[in-house]
Amino acid sequence: MADPAVMAGGFSAVVRSGGGKATSSPAENYQLARRRTLQVVVSSLLTECGFESAEKAAVETLTEMIQSYISEVGRCAKAYCEHTARITPTLSDTVVTLIEMGFNVDTLPVYAKRSQRMVITAPPVTNAPVIPKALIAGQKRTHPSHIPSHFPEFPDPHTYIKTPTFREPVSDYQVVREKAASQRRDVERALTRFMAKTGETQSLFKDDVTAFPLIAARPSSIPYLSALLPSELELQTLEETDSSEQDDQTDSENMPGNNLNDDPGADKENSVLPPGGVVPSVKASEENMIDNPYLRPVKKPKVRRKK
Amino acid sequence: MFVWMVNLNRIKLNSKQCRIYRVRVNDLEAPFIYNDPTLEVCHHESKQRNLNYFSSAYTAAVSAVDPDAGHGELVIKVPSELWKQGDEMNVLKVYIDFSLDQPKGGLHFVVPDVEGSMAERAAHVFSFGYQNSTRFWFPCVDSYSELCTWKLEFTVDSSMVAVSCGDLVETVYTHDMRKKTFHYVLPIPTAAPNISLAVGPFEILVDPYMHEVTHFCLPQLLPLLKHSMSYLHEIFEFYEEILTCRYPYSCFKTVFVDEAYVQVSSYASMSIFSTNLLHSAMIIDQTPLTRQCLAQALAQQFFGCFISRMSWADEWVLKGISGYIYGLYLKKTFGVNQYRHWIKEELDKIVEYELKMGGVLLHPTFVGGKDKDNPTPHLHFSIKHPHTLSWEYYKMFQCKAHLVMRLIENRISMEFMLQVFNKLLSLASTASSQKYQSHMWSQMLVSTHGFLKSISNVSGKDIGPLIKQWVEQSAVVKFFGSFAFNRKRNVLELEIRQDYTSSGTQKYVGPIKVTVQELDGSFNHTLQIEENSLKHDIPCHSKSRRNKKKKIPLMNGEEVDMDLSAMDADSPLLWIRIDPDMSILRKVEFEQADFMWQYQLRYERDVVAQEEAISALEKFPTPASRLALTDILEQDQCFYKVRQGACFCLAKIANSMMSTWTGPPAMKSLFTRMFCCKSCPNIVKTNNFINFQSYFLQKTMPVAMAQLRDIQNLCPKDVLNFILDLIKYNDNRKNKFSDNYYRAELIDALTNSLTPAISISNEVRTVDNLNGDVRLILEEITRFLNMEKLLPSYRNTITVSCLRAIRTLQKNGHIPSDPSLFKSYAEYGHFVDVRVAALEAVVDYTRVDRSPVELQWLLNMVQNDPAHYIRHKILSMLGKNPPFTKAVDSPLCNEALVDQLWKLMNSGTSHDWRLRCDAVNLYYTLFGLTRPSCLPLPELGLVLNLKEKKAVLNPTVKPEQGPGPAEVSGHVPIPSSVAPPPQGLKRKLDSVVGPLGSTSPEPGQVLQEEDSSKKFKIREDEIDMESPHDSQAFIHHHLNMLERPSTPGKEPTAADQALLSLPATPLPSFGKEANSSSKHGGGEHHHHHHHHHEHKKKKKKHKHKHKHKHKHDSREKERDSHACSNSPASGRSMRSPSVSD
């Protein structure tokens, strides 16, 4: 009988490595072996019933059915056992389950002792998949004296009380640098490879165009912008190191642009008003004093030109 | 215009490209002739292909329109009514209606191909040019010596700003409010070449320190502009202080534009810069460069714009002074070490150039005006005009000019020097405020004579010999020095020889300073270099002594302990320096023992001496040299550039010492100690570039280390791994500066580590047989190059380095040689540095693989690329790394190429002087001066037969030609180089019946000369500017002015005809149709209002009889006795308007 826990583990393993192609993990091997055994069982039962051959799809369907049946039995049995505050299913749990599923239990011994029964070799021994360890943080509490020892153990304390979880930080400088460096390099490589895969590329070799893919050079219409302006990444670092400059940058931004486009009246106000509602101090008065011809408002045309 | 002479009957102006509709003088219609001999230098039907012929024809063409000689492309006949009024100062006003469609030169439009309005697209236009090139965008007297005041108006789209010279008086909307007019007034007399214009949707920044200074940049770059300009006021203060003179203009504007012609160009009260000079606060390397550019621009504001020059021969004074005060600024800002390093660099540059190419002459005088008096016969171009100079030569010219100024300073002291400058400036500023009538304006022009006079007035010293040697004479001095120590007499026997026979050298006679460092101190000696004395005895001050431990005093008073064990026991000499102050333009090759060089490197405090020692030590690969260099490297008081030099020297020494080298590879442990973590020496510290000296050292050392080679001549494995680790562990997160230059240099280091692949012949390079190390390198390069697409670095330095690396990989046979990658990076639309790097690779590929396809591709780009700088750069790179030279045969060298290049320089580059000279240079590099050898013999269909042919067959034997080829009338393919002059002339007259008989001197010309040779002074009160109000309007025009240059002139008066006794040929108004049609097409051009209505009326009057006119002939007959008038250039120009109807 399949252990439901194991089954579950097996399935999840399948899910996790879903899409994995030829690569076979131990969990997968285990699962495949079980399934093969089930197939043998189905085949032998079919032979018993007198079939000489079966379509692969039919066998497969039957295998699937038997597998679900067994899984259901396991699941129910576990539920019954837990219902009675135990952790290991007993025979009676299974029997109740079978009855519940509409199976006549009494027929089972007779069926098992039938003469034409075929003996199936045991499934090949494969290592059971390693179940990933649950997170352990801190000490598990032992049962207090009033709780019998057969009760389940306390779960990990972090699941029900606040537990400081910290690992000894890796203090080795070399390791940290190493890690940072390789991490960055991996990210960069992955990113550039991705970009190269998804877009146009240029290649240095004629025989193998995928060997060192270069993202194709694409002319831009205003090339100096990207070449001169610091990237956002760099701007961030700059902000961190020095924020005073940023202030300067924002406050004069409104001077030139408006002067060019808008109507002169609005402009006048703009250039006089201190930027951003900041309390006008030295700066504002300075600004007022600036008499630069390029900041002056544009004049309206004089009528006299039309004769 | 004020008329200074009686009978002014014609006015000559410069104008190129412009379509001129109509000219009026004082409200009277004036006929005019417009032709431009420089459009096509030699006639297309000519089969002449030798450069000598071209050069002289080109010079003749340029002379024919030289404004300094009173010539011009546009000749306006003054209506006879206005002739006789010359006695009292009368004023003539000249009005010219013109338009300019799709200019190829003079103005450059940058219109990015994106969505949106012109302003959103950051479309802009600016004027540019090499020397006096204002004639490309409006008619003017395009001379630096003709001053006038200006009133300029520009009507532009309301989203644009027009920046020009002078004060912005007001900005007024047009009636429809869609455009606005910028009114500028420039009250300071200024020459037309100093006028400029920039229009664009600029962001405006008023300088926070000086409100009269305004900065302009393209949209989105304002933060960069703020940072980059935050320093300008200090430069202002510096110049104003040393010159004790205020900045002459009432305002100053800086404009940063894309696709700039040169990095810096200065005009009256404004400078146009390349936008690529802008940088943020994170950038280290660009900062000093940008500040230097600003300082240059500002220096030129004083000398170059405000003070202009009398003639081309005086250019050196302006360039010299502006370069010199720029040097003073360098000294103050970047320190004496940097200054002296720069002076040495400049000196080395000029010396190298002159020794290689022949002399550079600062003050050319053309006394005889004959070809055989050509002061620079070694050059393949004429230095008579700025427009015929090769660009390289002009750069060297500027370099020499400021070095000579420094020599003058050495002679008369800096104080006097600055007094002279102050005097020039104060005279000029007094003059500038005067009215024109006061005749004071000439004070604003500097001449060699005037400059020298004020030097002698101020200093009382005679610097005549110095001027004669360095200014009026070309070439440099080459010294060889060696010495012996005479122990008995305790005398240093110094021998100084000179090489003054090879090209580019001259003999030096006069004082020379020699500094001798002895045990007892440093002593200066001044020796006299005379005709025959080679040996000089210098008494030594100290006895040699070994045992007394005493500190040794240095030149600067410092006393140091030295380990004297290395030196010669018998001699007290530590080191000797010849001309330590660089007060002669010279190259010194001095021989002294290796230990002396080592002492010099360690203990001499002058950076120049240290650099000299470093380059000398390359020849002494010994452990002692190694130690000296390593010590210098470690010394952080030492100037960083010396330390950088020491790195490369150390690498060279290590390679020479390969077999005996002990310990880790050179510099590795040093680098580890300086820049790596204490706990884990294989990991570099996270970047912190706060200390610039160590930043520069950190950048340089890996590059130098990568030059190390082991016994197999490969880069040692651990050096390569070391560099790869530097790249891997590079971490800039905590740094306040960008590391793009550092990373770029690490890639350069990888490039340097490459060695030629062991090639199995004929094997195709594939991925599989890639060498393991190369694979690692290639992976890094690929990653860097790809990352650059996502996070571009400042000025794309990393892409540039990667492209170079890939080309080196190709060249060394590691990966297949293929130009397609570079070609895609060279396309228009990439950042200019990237394009140049990619083009350099293509040029290199063209040479190595001898590829005609790529050569063709490059030449196409020269003709079609929108960016002028790129065109220029391609030609100059082809010249430096030519696909073949005249010395070798190459499959590339064929007739089609000759024709193509010929066409390029003959007519294809008429819109850009610099480009034309580049093309001439390339032609010279590829084919030499004479007829290219790959051409078939010229068809000698003329009478000239055997005799001629024989001579043609061996043109290389007679490269220098006797008579100037200008004697050949343009379209006759006579190889003039061999024709004896009288014969040539006769033949020509026989064979070509010039339709006008244009060649024969006429008696009537004498008459004409008298009035035309007088220079007239012009004051343009009003220049009617065509306003490029809407750049789009220009772009969409497809009129090609260059194709149809001639505009009809007319000849109204019989009196004028009488003056010319030449056969008068009726001139048809053939240009009229073209003109009027184009006029309608170009209707949206905004003409100045008072000219608006009269065009059509004017056209009617063109049905006059036009007469051929010989303005050029008379002039050149006078000035150059070789018959320029017959030159093909003027020949054509004569002919075009005069085909009979």
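Across the interface of chain B and chain A, 18 residue pairs are in polar contact, both partners at pLDDT 80 or more. The model is a predicted one. Helix α18 of chain B, residues 772–790, supplies the largest share of the side of chain B that touches chain A, with 11 residues. That side divides by residue type into 48 nonpolar, 27 polar and 21 charged.

The contact draws 96 residues from chain B and 72 residues from chain A. The size of an interface is often given as the accessible area lost when the parts come together. Here the area buried between chain B and chain A is about 7,300 Å². Carbon and sulfur atoms give 64% of that area. On the side of chain B, Tyr173(B), His175(B) and Arg783(B) lose the most area to chain A. Together they account for 9% of what that side buries.

**Salt bridges**

Between chain B and chain A the count is 4 salt bridges. One joins the side chains of Lys728(B) and Glu178(A), at 2.9 Å from N to O. A network of salt bridges links Arg184(A), Arg185(A), Glu188(A), Glu780(B) and Arg783(B). Arg783(B) is also among the three residues of chain B that lose the most area to chain A.

Over all chains the count comes to 53 salt bridges. Some of them are listed here.

| Lys151(B) | Glu153(B) | 4.0 Å |

Where does the pair Arg602(B) and Asp631(B) lie? Arg602(B) sits in helix α10 (residues 594–603) of chain B, and Asp631(B) in helix α12 (residues 623–634) of chain B. The pair therefore ties together parts that are 29 residues apart in sequence. Arg602(B) is partly exposed, at 21% relative accessibility. Asp631(B) is partly exposed as well, at 28%.

Lys344(B) and Asp348(B) share helix α5 (residues 315–357) of chain B. They are 4 residues apart, about one turn of the helix. Is Lys344(B) buried or exposed? Lys344(B) counts as buried because its relative accessibility is 13%, under the 20% cut-off.

Lys151(B), which forms a salt bridge with Glu153(B), is partly exposed, with a relative accessible area of 38%.

**Aromatic pairs**

The structure holds 52 aromatic pairs over all chains. In one of them, the rings of Phe136(B) and Trp913(B) have centres 5.8 Å apart. Their planes stand at 70 degrees, so the pair is edge-to-face. This pair links distant parts of the chain, 777 residues apart. Phe136(B) lies in the loop between β8 (124–127) and β9 (147–157) of chain B. Trp913(B) lies in helix α25 (residues 913–927) of chain B. Both Phe136(B) and Trp913(B) are buried.

Helix α25 of chain B also holds Tyr923(B) and Phe927(B). Being 4 residues apart, they are separated by about one helical turn. Their ring centres lie 4.8 Å apart. The planes are at 65 degrees, so this pair too is edge-to-face. Tyr923(B) is buried, with a relative accessible area of 0%. Phe927(B) is buried at 6%.

Ring pairs also build a cluster in chain B. Its members are Phe236(B), Phe238(B), Tyr239(B), Tyr247(B), Tyr249(B), Phe252(B), Phe302(B), Phe306(B), Tyr329(B) and Phe334(B).

**Backbone exceptions**

Most residues other than glycine have a negative phi. Gln220(B) has a positive phi of about 80 degrees, although it is not a glycine. Gln220(B) is found in the loop between β15 (213–217) and α2 (222–229) of chain B. At 48% relative accessibility, Gln220(B) counts as partly exposed.

Met667(B) also has a positive phi, near 70 degrees. Met667(B) lies in the loop between α13 (640–656) and α14 (668–675) of chain B. Is Met667(B) buried or exposed? Met667(B) is buried, with a relative accessible area of 4%.

Definitions and conventions
Residues numbered from 1 in each chain as written. Chains lettered and ligands numbered in written order. Heavy atoms only, no water. Contact = heavy atoms within 4.5 Å. Buried area = accessible area lost by both parts, 1.4 Å probe. Polar contact = N/O pair within 3.5 Å; in protein donor to acceptor, adjacent residues only side chain to side chain. Helix = DSSP H or I, 4+ residues; strand = E, 2+ residues; numbered from the N terminus. Nonpolar A, V, L, I, M, F, W, Y, C, P; charged D, E, K, R; others polar. Phe/Tyr/Trp six-rings, centres within 6.5 Å; stacked < 30°, edge-to-face > 60°. Buried < 20%, exposed > 50% of the residue type's maximum accessible area, 1.4 Å probe, protein only.
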